[in-house]
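Hi,

Here is the structure I promised to pass on. Have a look at it first, and my notes follow below.

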Amino acid sequence: MTLLSVNLNKIAVLRNSRGGNEPDVLRAARTCIEAGCGGITVHPRPDLRHIRPDDVYALAERLPADIEFNIEGNPFAPPRGPYPGLLALCRAARPAQVTLVPDNDDQLTSDHGFDLQRDANRLRPLVEEFARLGCRVSLFVDAGTRELEPAARIGAQRIEIYTGPYAHAYAQGQPDAALAACVETARRARAQGLGVNAGHDLSQSNLGALHRAIPWLAEVSIGHALICEALYEGLAPTVRNYLKILSA
Ligand SMILES: CC(=O)[C@@H](O)[C@H](O)COP(=O)(O)O
Ligand SMILES: NCC(=O)COP(=O)(O)O
């Protein structure tokens with residue numbers, strides 16, 4: 001069964017827009033868990049635009065042991081003000097999984113994965129350090145990446161396929177090539193013994209086709225669309241809708 005990890009960044013965006021604690025990230029996490037999700041994802045960024053270090057620490061303390069905590073971020077981004085860096089966050093929070101993403105601080109959102117051939121040697125000591133902390137390491141890669149051996153060689157256990165281009169192609173009514181690129185990368189990763197996650201711009205519309213094409217996906221992390229849909233349908237029913245799609 002593919003695990004649904006709900007990304008709570010957008011709950012924090014709303015909260016930060018007014019100060020105070022509404023909507024409450026912890027309450028949203030509880031609601032998603034009660035509705036049946038298997039994981040919670042956050043992507044704290046150095047500019048603190050949404051999830052802040054305190055959210056990470058509070059989630060780490062309160063999430064039930066059987067709920068996978070996944071922290072995403074750029075391991076090369078240096079500490080900045082109250083942002084202590086991804087490694088320090090993981091040292092304190094000990095998430096079950098850390099997803100390494102090569103984002104610059106000025107990006108609107110994640111828009112590409114690692115170039116594994118180029119980045120593997122630089123990533124290796126960090127992957128080893130996260131592993132020493134007890135975190136499973138997943139590397140964010142573009143759909144269409146064919147050479148996954150470097151990920152396995154440096155000790156990553158999973159990859160996460162960046163599904164933004166697939167979601168865009170799906171919305172244009174022409175998903176076939178983008179979907180085939182996801183499948184190709186997923187197969188090649190599996191052949192290297194890597195688990196396969198997927199995420200970015202997945203929604204109730206486009207998730208089913210992706211899941212039918214790669215039914216053995218280990219995990220999908222979904223935030224933006226899920227929180228938008230929840231504005232209309234409610235958070236718990238929306239989470240349940242995603243679970244239905246993943247169990248079809
Ligand atoms: C790695 C990834 O695809 C997600 O974490 C996505 O980047 C969400 O981040 P934002 O909510 O900051 O856009
Ligand atoms: N790893 C992807 C993620 O956590 C959520 O991305 P999105 O659904 O907010 O685009």
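How do the residues lining the largest pocket divide into nonpolar, polar and charged? There are seven nonpolar, 12 polar and six charged ones (nonpolar is Ala, Val, Leu, Ile, Met, Phe, Trp, Tyr, Cys and Pro; charged is Asp, Glu, Lys and Arg; polar is the others, Gly among them).

Before you read on: this is a predicted model, where local features need pLDDT of at least 70, side-chain atom pairs count only at pLDDT 80 or more, and totals for chains, interfaces and linings use all residues. Residues are numbered from 1 along each chain as its sequence is written, and side-chain values use heavy atoms, without hydrogens and water.

Back to the pocket (an open set of points on a 1 Å grid where a 1.4 Å probe fits, with protein on both sides within 12 Å along at least five of seven lines; lining residues have an atom within 4 Å of a point). Asn9, Lys10, Thr109, His200 and His224 lie nearest its centre. Helix 1 (9-16) gives the most to the lining, three residues; helices (H or I, at least four residues) and strands (E, at least two) are DSSP runs numbered from the N terminus.

Of its 77 residues, Leu4, Ile40, Leu100, Phe130, Leu139 and Val239 touch the most other members. Helix 11 (residues 235-247) gives the most to this core, seven residues.

Finally, helix 3 (residues 53-62) has Pro53, Asp55, Val56, Ala58 and Leu59 buried.

Cheers

Terms used:
Chains are lettered from A and ligands numbered from 1 in the order in which they are written. A nonpolar core is a set of buried Ala, Val, Leu, Ile, Met, Phe, Trp, Tyr and Cys residues joined through side-chain atoms within 4.5 Å. Buried means under 20% relative accessible area, exposed over 50%, partly exposed in between (1.4 Å probe, protein chains only).
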